[in-house]
Amino acid sequence: MSFGLLIKKFISFFFEPIGIVTTLLLLGLYYLYRKKEKRAKNFFLGTVVTLLFFSYPPFANFLISNLENRYQKYDYTQEIQYIHILGNGHTTDQTQPISSQISNDGTKRVLEGVILHRNIPDSKIIFTGFAGRTDTPNAIMNAKLALALGVDENSTIVNSLPEDTREEAEFTKTVVGDKPFVLVTSASHMPRAMMLFESLGMHPIAAPTAFYKDDAISWLKAPSAHAFFVSTLAMHEYVGILYAKLKAVFS
């Protein structure tokens, strides 16, 4: 993992739910240590309120739905030559089958890409993604799953170097040029991905998958760890979109 990517992850941490909660808690402990009990209580209260806020299912659903509703599922009627599946997390634990070594979102991305490939004659699937903290690139892991699902190796293009979405887009541009292609990624990540690809003059057609929104959620839902996880996914994307827009303005 490059130093630049580490810095981006470090900074973004403080704008995501766990980072905000941790910061408030540490400030509360600091003021408690300094014997400033009123300020300490305010920060501790802010910690609890923030934690409950991001853990409240309707609020988490609002955050994620605003991202996931921007692009509808692919209609499977267009015959596009290239299908680009963006990378995601994975492990290389050999005690697990390949279907479990790839993250839940990653598995759904590959599955959607394979379905598209089977519905589009002579199409090719592009896999991108670096190794992260493992010894095997995510692009190779995803390709392995696709092969296990019956995809011919000659129908795959694998690049294990890109470390982020922009680098994935830059590689795919060398393959597809300005031709339309299908972009497969998580529904919450799709708005940022489309923005980055289009900023390079490319013409992606969205094929979102791995949805987390709930159209029938109740306002009486109790706070939960899952809702906090969904809030974290959403906030990560909002921070990423803001970063990309600021970078475009000042570059």
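Buried means under 20% relative accessible area, exposed over 50%, and partly exposed in between, with a 1.4 Å probe and protein chains only. The model is predicted, so local features need pLDDT of at least 70 and side-chain atom pairs count only at pLDDT 80 or more, while totals for chains, interfaces and linings use all residues. Residues are numbered from 1 along each chain as its sequence is written, and side-chain values use heavy atoms, without hydrogens and water.

**Exercise 1.** Classify phenylalanine 15 and lysine 38 by accessibility.

Solution. Step 1: phenylalanine 15 sits in the loop between H1 and H2; helices (H or I, at least four residues) and strands (E, at least two) are DSSP runs numbered from the N terminus. Its relative accessibility is 49%, so phenylalanine 15 is partly exposed. Step 2: lysine 38 belongs to helix H3. With 68% relative accessibility, lysine 38 is exposed.

**Exercise 2.** Determine how the buried residues of H3 are arranged around its axis, and what they pack against.

Solution. Step 1: Ala40, Thr47, Thr50, Phe54 and Ser55 are the buried residues of H3. Step 2: viewed down the axis, they fall within an arc of 125°, so they line one face of the helix; the arc is that of the directions from the helix axis to the C-beta atoms. Step 3: the face turned away from the buried side carries the exposed residues Glu37, Lys38, Lys41 and Leu45. Step 4: the buried residues of H3 pack against helices H2 (17-33), H4 (57-68) and H10 (225-250), where contact means heavy atoms within 4.5 Å.

**Exercise 3.** Decide whether helix H9 (residues 190-199) is largely enclosed, and name what covers its buried residues.

Solution. Step 1: in H9, the buried residues are Met190, Pro191, Arg192, Ala193, Met194, Leu196 and Phe197. Step 2: these are seven of the 10 residues of H9, so the helix is largely enclosed by the rest of the structure. Step 3: the cover includes H4, strand E1 (82-85), helix H8 (165-176), strand E4 (180-186), strand E5 (203-209) and H10. Step 4: glycine 201 follows H9 and has a positive phi, near 80°.
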